[in-house]
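Subject: Model handover

Hello,

The structure I mentioned is pasted below. My notes follow it.

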Amino acid sequence: MLESFYPVTAIIFMTVLSMVFILFTACFYIFYISLLSVHRLYLTPHSLTNRYKVNKQMLNKKSLVAFLTIAIIGIAAMALGCTSPTPTATPLPNASPTAAPVSGTIKVVGSTSVQPYATDLSDKFTEKYPNAIAQVSGGGSGAGIKAAQDGTAQIGMSSRELTQAEKDSGLKETVIAYDGIAIVVNNANAVSDLTTAQIKDIFAGNITNWKDVGGSDAAITVVTREAGSGTRTAFQEIVMGKVNITTGAVVQSSTGGITQTVAGDRNAIGYISYGSLDNSVKALKVNGVVPSTSTIKDKTYKIQRPFLYVTKGEPTDAVARAFIAFTLSPEGQAILASGKLVTV
Amino acid sequence: MSEYSFTGKPVRKVVEKVIESSLLLCALSCILTIFLIILFIITQGMPIILKEGPVDFVLGTTWDPYNDIYNILPMIIGTFVVTLLSLAIAVPLGLGCAMLIAEVAPYQVRGIIRPAIETLAAIPSIIYGLFGLIVLVPFIRDYIVPFARDYIAWMPLVGDLVGAKGNGFGVLAAGVILAVMILPTIISISEDSLRAVPRELREGSLAIGATKWQMITGIVTPAALSGIIAGVVLGMGRAIGETMAVLMVAGNSPIIPTSLLSMTRPMTSAIVLEWNYATGDHQTALFAIGIVLLFVIMILNLIIYLGKRKKLNVARM
């Protein structure tokens, strides 16, 4: 999304930066001049004494040195700013020397939830196979599945399971990772198990007291992520469906904000990515199932979704095959794991 | 004459020119920067205002990015409510403090209070936010909310204004944090303008038998009023523009705040809250909030500017 107006931002950023730099040097120069002139103003009547000479020279030298230093630092900073950010990643020791050289370009289209991960994967993929490019773009799971079906993209990305009709039409799904969401409450909360229906009612604002779900008599503080966040979008899709999250919910813009709020408020409930779970909050069982890597993988834990690559039958394109293989390799899975996903 | 070479005529002319042109450059770069920023914000945000319709955008009450509805009245009201509350807390406190430092306190006391206030101004806003989230929000939730529910809620008007339900986040927390943040601005500018009141006025009022308190409230404060107002307006500007601390304690639900304890989402928080993942129209709408915010701040600056032209006693900003 930022790419589209990146040049504009870059130009403005550089302009502002250079303005600030000019401003800074100009101010410094004026300061320097004013020092001299103040000196002159007060000391000129006695200017023929030796003290004045020495002082003035010292001042000159000091200021000059300072001025030059700052100018050099500024210019260096500007030069650094101008150079395009080069990827600093060190080339990985080529773990698989058998990696056959593939070349060509494929299109990977679909779910905006999978998109950021696929983009990361694509970057590393091109590092490994310099002649192969995977162009990743969004559009949503539906668009991805459709694109794979009619061949406009070699690989479609989906963050939902394929329907039976879609499977019957000859599409093949490859699970690349699972995205689990933990429902978290304060460690002091007596409730430890909720059904998905109860969770939906709580977040929709229909259940507002913990006593209605087996807890103490206290108002529920619903904590949610901001609109647009991947976790919220996933939660919305999996749990809420078409129902909106109540506007009475506290909105926090980060996982840290959610855990902090839930850890500090004994009546709060929130949701975070399973990969970010820690001891400061308590993860609820959902329909009696504890969230864990294994329950997410075997699909008994309900608040989760698979991330899929969808292809039309077995991919014939060499680049597409290499990209899928790369995603499933330890290297690719490590990239997904670093994004808080449960790997396959 | 060698040491005079710098002030010699031809050299002096060149130096003058250099100074003049660098001053011009300074002024121009400021103007250009502001111009670029305004241009950028407007070009980025205008499409959604036109799409939603300016009236709906500013006066509609629903903010629902999932259904592409972007109306920002709750945010505008949130900004004003939070700012007003912070002013209501900070102005009396700040003015009192300024009076104490400028008129009453002996030199040594001033030597302690002044640096303390300056330190207050130097604390980064995120620290205020953390303090608010860890200390203030739980305090309001555990003490103020039950108190309001048990002892204030029955009152006819005040009860509604304060509210009886809440989780600590909201207008009150944001207002208090902002009040602390704008105190230094208000105090230092008020103090300077109190100090700038001529000595003769003080001596005159004391000479005709006024007490010190009468002198401060009746003579010095009215004389310094324009400077004090400038300080308040500056503080208001800071309160409107503050983002991180408010974001952390306001609760951020996009509803119109109806009471002190209800949650709110001021404009600055609204932008930064959803910025990370916003795309398309959603992102444009956030820029459009920026336009409104810029507009409000510019009006405030205009007020200060017009006020200053009336030769206020603002010693320094």
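In strand 8 of chain A, which residue is the bridge partner of A:Thr221? The partner is A:Ala268.

This is a predicted model, in which local features need pLDDT of at least 70, side-chain atom pairs count only at pLDDT 80 or more, and totals for chains, interfaces and linings use all residues. Residues are numbered from 1 along each chain as its sequence is written, and chains are lettered from A and ligands numbered from 1 in the order in which they are written.

Strand 8 (residues 268-273) of chain A runs parallel to strand 6 (residues 221-225) of chain A, and two bridges join them. Strands are DSSP runs of E, at least two residues, and helices runs of H or I, at least four, numbered from the N terminus; two strands pair if DSSP finds at least two bridges between them. Strand 4 (residues 171-185) of chain A pairs with strand 8 of chain A in the antiparallel sense over five bridges. A:Val184 stands opposite A:Gly270 in strand 8 of chain A.

Six of the six residues of strand 8 of chain A are buried, so the strand is largely enclosed by the rest of the structure. Buried means that 20 or more other C-beta atoms lie within 10 Å of the residue's own, with C-beta atoms placed from the backbone.

Between the chains, 32 residues of chain A are in contact with 35 residues of chain B (C-beta atoms, placed from the backbone, within 7 Å). Helix 1 (6-43) of chain A is among the elements on the chain A side and gives the largest share, 12 residues.

Regards

Definitions and conventions. A residue is buried if 20 or more other C-beta atoms lie within 10 Å of its own, exposed if 12 or fewer, and partly exposed in between; C-beta atoms are placed from the backbone. Two residues are in contact if their C-beta atoms, placed from the backbone, lie within 7 Å.
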